[in-house]
Amino acid sequence: MEKLIFLGFMVISSLSLAIFPRGYASQTDPLYSENDESWFHDLSHGHHKTAKLHFYVQDLLKGENQTVHEVARAEITSNSATSFGSVRVLDNPMTAGPDINSTPVGRFQGLVTSADLEILSFVMNINFVFTAGRFRGSTISISGMNQVMSDRRELPVIGGTGAFRFARGYVITTTYSADMEKGYNVLEYTIYVNYGDEFSMGSCDHANI
Ligand SMILES: *[C@@H]1O[C@H](CO)[C@@H](O)[C@H](O)[C@H]1NC(C)=O
């Protein structure tokens, strides 16, 4: 029964996001909301802590609020159709809804390297730094390949800190919107993660360092 209610909740919350993204955003504190955890779904059962986190990443390539900056390029980069060799560092807002003014849930920080000579594909080394709700201060790290012209991209979760210690899982990302002229993209991210800090320190006792 609990499961049914929970499933119902998930369906309703994802429907409301899809149909009323603006309404959803305006119902919440635009700056910070401790209670809005609709972007987080606890799927734990038994000893296993499992969660699904769904949110949007605001990618600002130009203008006064630019969050993505190129820090290096190669001699080939300007003449490469895929900007091969370009390395960018970014600190993008993560929001509960697609609207940039919807509830902030964290920052998307790291390095993105253009690393394919033929197709548009990036190596992503990213930390999701959560700033809202019970996961404030915890992080999840991903490292993987992102072929941005594909509809759905999968990247591995390689670890986490705080509540997400021992995180393992994967991320699915899709492009929600892309505006080349404005240099403004919105990316949709869903993280499926197993985690937990049940670490036996006992096994370290005899490691006399
Ligand atoms: C930049 O951010 C500020 C503060 O959030 C906002 O008022 C302003 O409209 C933004 N500028 C642009 C060009 O979006």
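Tutor: Rings of Phe, Tyr and Trp pair if their centres lie within 6.5 Å. Keep that cut-off in mind; this is a predicted model.

Student: Is the pair of Phe135 and Phe164 stacked or edge-to-face?

Tutor: The ring centres of Phe135 and Phe164 are 4.7 Å apart. Their planes make an angle of 25 degrees. Planes under 30 degrees apart count as stacked, so the pair of Phe135 and Phe164 is stacked.

Student: How many residues apart are Phe135 and Phe164?

Tutor: Phe135 sits in the loop between β6 and β7. Phe164 sits in the loop between β8 and β9. The pair links distant parts of the chain, and the separation is 29 residues.

Student: Is Phe164 buried or exposed?

Tutor: Buried means under 20% relative accessible area. Phe164 has a value of 0%, so Phe164 is buried.

Student: Which parts does the pair of Phe164 and Tyr195 tie together?

Tutor: This pair is edge-to-face, with 5.0 Å between centres and 65 degrees between planes. Tyr195 is buried too, at 12% relative accessibility. The two residues are 31 apart in sequence, so their pair ties together the loop between β8 and β9 and strand β10.

Student: Which residues have the most contacts inside the largest nonpolar core?

Tutor: This core has 31 residues. Ile191 touches Leu53, Phe55, Phe128 and Phe130, among others. The residues with the most contacts inside the core are Leu53, Phe55, Phe128, Phe130, Ile191 and Val193.

Student: Which residues are the closest to the centre of the largest pocket?

Tutor: The largest pocket has a volume of about 860 Å³. Of its 35 lining residues, the closest to the centre are Asp59, Leu61, Arg88, Phe122 and Asn185.

Student: How many residues of that pocket's lining are charged?

Tutor: The lining includes 16 nonpolar residues. Another twelve are polar. The charged residues number seven.

Student: What is the phi of Phe166?

Tutor: Most residues other than glycine have a negative phi. Phe166, in the loop between β8 and β9, has a positive value. Phe166 is partly exposed, at 47% relative accessibility. Its phi is near 65 degrees.

Terms used:
Residues numbered from 1 in each chain as written. Predicted model: local features only at pLDDT ≥ 70, side-chain atom pairs only at ≥ 80, totals over all residues. Heavy atoms only, no water. 1 Å grid on protein atoms, 1.4 Å probe; cavity = no way out; pocket = protein on both sides within 12 Å on 5 of 7 lines; lining within 4 Å. Points joined across faces, edges and corners; volume = space filled by probe spheres on them. Nonpolar A, V, L, I, M, F, W, Y, C, P; charged D, E, K, R; others polar. Core = buried A, V, L, I, M, F, W, Y, C linked by side-chain atoms within 4.5 Å. Buried < 20%, exposed > 50% of the residue type's maximum accessible area, 1.4 Å probe, protein only. Contact = heavy atoms within 4.5 Å. Helix = DSSP H or I, 4+ residues; strand = E, 2+ residues; numbered from the N terminus. Phe/Tyr/Trp six-rings, centres within 6.5 Å; stacked < 30°, edge-to-face > 60°. Lists of a residue's contacts leave out its neighbours within four places in sequence.
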